[in-house]
Amino acid sequence: MSVYDVLQTIIPTAIFFAAPLIFTALGGVFSERSGVVNIGLEGLMTIGAFVGIVFNLTFADRLGAWTPWLALVAAVIVGAVFSLLHAVASVTFRADQVVSGVAINFLALGLSLFLVKKMYGKGQTDQIQVGFDKMDVPVLSDIPIIGPLLFSNAYVPSYIAIALAFVSWYVIYKTPFGLRLRAVGEHPMAADTMGINVAKMRYIAVMISGALGGLGGAVYATIISRDFSHATISGQGFMALAAMIFGKWHPVGAMGAALFFGLAQSLSIVGQTIPLLKNVPTVYLLIAPYVLTILALAGFIGRAEAPKAAGTPYIKGKR
Amino acid sequence: MKKRLGFLVSTLFAASTMLAACGGQGGNNAGGNGKDTFSVAMVTDVGGIDDKSFNQSAWEGLQKFGKDNGLEKGRGGYDYLQSSSDSDYATNLNKLVRSDFDLIYGIGYLMGDAVKEVAKQNPKNHFAIVDTVVNEPNVASITFKEHEGSFLVGVVAGLMTKTNKIGFVGGMEIPLIEKFESGFRAGVKAVNPKAKVEVQYAGGFDQADKGKAIASSMYASGIDIIYHASGATGNGVFSEAKDLKKKDPNRKIWVIGVDKDQAPEGEVKVGDKTYNVTLTSMVKRVDVAVYDLAKQAKAGNFPGGKTIEYGLPENGIRVATTGGNVPENVLKAVDEWKQKIIKGEVKVPTNRKEYEQFAATIK
């Protein structure tokens, strides 16, 4: 296998692997930038996957090719609503954000499996028939060298994920809304003094994270597993969380980290055919993302610094 | 304020556990009294009785046994308990022991330790374990000759590959899955020594994303048939094959399913034509084995401490042909090899070492 052949298998795989992680990690960035830790990303993905699949199965006959797109919209809405639980518990009632996030994870899996059993009378749904198709991007896929690597055999949501990372960067760093969001996460009292409604900002941020987490889950289920069962979302939410931390709470960084995780995964698969990597046991490549995240947290790779107020509820008037 | 939030969080927890439990429990309500009839029960692993795989198959076997013997579902008849996590196994087994079931099955190799522990504590009760071996005098172990079935689907793959490149995706690198791998490779080797089998392990049975990534790289490297022995990880393999088929319906790529007939998973619609990427499936008849053992135990011949292997002659293993993707001449070859295995003319390897020896005999 030549280097180019290897790249041609690694890169498309890395991209589709990363897409759900990017969406979810961006959700995490919004929430944590506003000062609310969101361990519940896994649960939000589960809900998104559940809604995405059920919507698809229910409406595929009537909506045809539009089904997967509308299923994503449904997952976004339900994800946002579901995350309200986390917002209410951690912003209004000032509950421990980690505990509330864990509760979200439990509730999401229990609720969605319960509903699947009630609706379909079995432990998992059927496979969806209408998904996103692999496609070659017109024109761009004809570019020599890059075309086959980046624009062939790809899924549209992957590109949306990458674009969304830059949109998020713009929103968080270049708009008044983003400034307020960050202010609330760094120093809520100062923000409050300046007339920003801390609770409202945090509610919005948590709901955005719910929407994006749901989107990530739905994309995962639609493209990768194609059905919903207890094993559909197994750890992807936590990988997204790791990507967010490894990306230093920066949208583009989180995207880069997610892509890197995808790359490590696909390298571990293709690695056995590459002379240089042949002698490296695959387990090292498989654990690479997690090891790097721990190193990033421990401060070995630059400094990964969380927003200052992340994890602490804001109590008005308290010093 | 503190109290309110504590209440809220604990309500959330309670609600979620209750919901999970509601989804799981089958119902233990039919209050039984008859100690004179033979009663059987099983504990599923986390898959549940509708996992479209071995738990479901085992439950179908028990249901059939119950029906044939005029038993009722519930205590004193036949029943099941579902485990929602690894920690439920021993608890569920104990619950069934206390309900006086005459024979209690643990389904799946994950339950091996729990069955061993509970069997030691209750030496008078009879237990059975599926897919692994527990060496206790009151436990019967049911295993399958997956290597034989894998050999036969290997024959199909070897005869039908156009590129002479075949893939195998395993869940975890454990002896059980190695049996699938070795048998499969031997089957390919036996009919098509030129074909190369590439082996990859996903590292888990619930990693659909890794399954898809592996399938993607395999199909890209020219592999045209992938046999997966990886549970839900295989969903990813199917999804990749279907997406590729949808993009180019003329491309000849296939998946070989496992445990049950996976033809429904392979269906793909392109325009108004329906294709199926499932070439064949290696079906493990857990229902046959469960039924058979219950029958033996009822007749008073409980094979405690023994391991019963179900293979081709016992109908414990079958090659599914739904979808009609396998041509007549290949089916004929499969049948010939099947007879050779039953007669003992071919000894199918069960691990990599035996495979090397097997491969050395074929030029």
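Axes here are lines fitted to C-alpha atoms, for helices over the stretch in contact, with angles running from 0 to 180 degrees between N-to-C directions. In this predicted model, the axes of α7 (residues 208–220) and α8 (residues 233–247), both in chain B, come within 6 Å and cross at roughly 45°. That makes α7(B) oblique to α8(B), and the crossing is right-handed. On the α7(B) side, the residues that meet α8(B) include B:A208, B:A215 and B:Y219; their counterparts in α8(B) include B:V237, B:A241 and B:L244. By residue type, the contact splits into six nonpolar, seven polar and four charged.

Next comes the sheet of chain B. Six strands make up an open, mixed sheet, ordered β7-β6-β8-β9-β12-β14. The edges belong to β7 (196–201) and β14 (317–320) of chain B, each with a single partner strand, so one side of each is left without a neighbour in the sheet. From one strand to the next the twist averages 15°. Within the sheet, β9 (residues 254–259) and β12 (residues 278–284) of chain B run parallel and are joined by five bridges, with B:V258 standing opposite B:M282 in β12(B). Helix α6 (residues 175–191) of chain B lies across β6 (165–170), β7 and β8 (225–229) of that chain, running at about 170° to β6(B).

As for the two chains together, 39 residues of chain A are in contact with 41 residues of chain B. On the chain A side, α1 (3–33), α4 (97–120), α9 (198–225) and α11 (251–270) each supply at least two residues. Helix α4(A) gives the most, with ten residues. This side of chain A divides into 17 nonpolar, 15 polar and seven charged residues.

Notes:
Residues numbered from 1 in each chain as written. Chains lettered and ligands numbered in written order. Predicted model: local features only at pLDDT ≥ 70, side-chain atom pairs only at ≥ 80, totals over all residues. Contact = placed C-beta atoms within 7 Å. Helix = DSSP H or I, 4+ residues; strand = E, 2+ residues; numbered from the N terminus. Nonpolar A, V, L, I, M, F, W, Y, C, P; charged D, E, K, R; others polar. Parallel < 35°, antiparallel > 145°, perpendicular 65-115°, else oblique. Left-handed = near helix turned anticlockwise from the far one by under 90°. Pairing = 2+ DSSP bridges.
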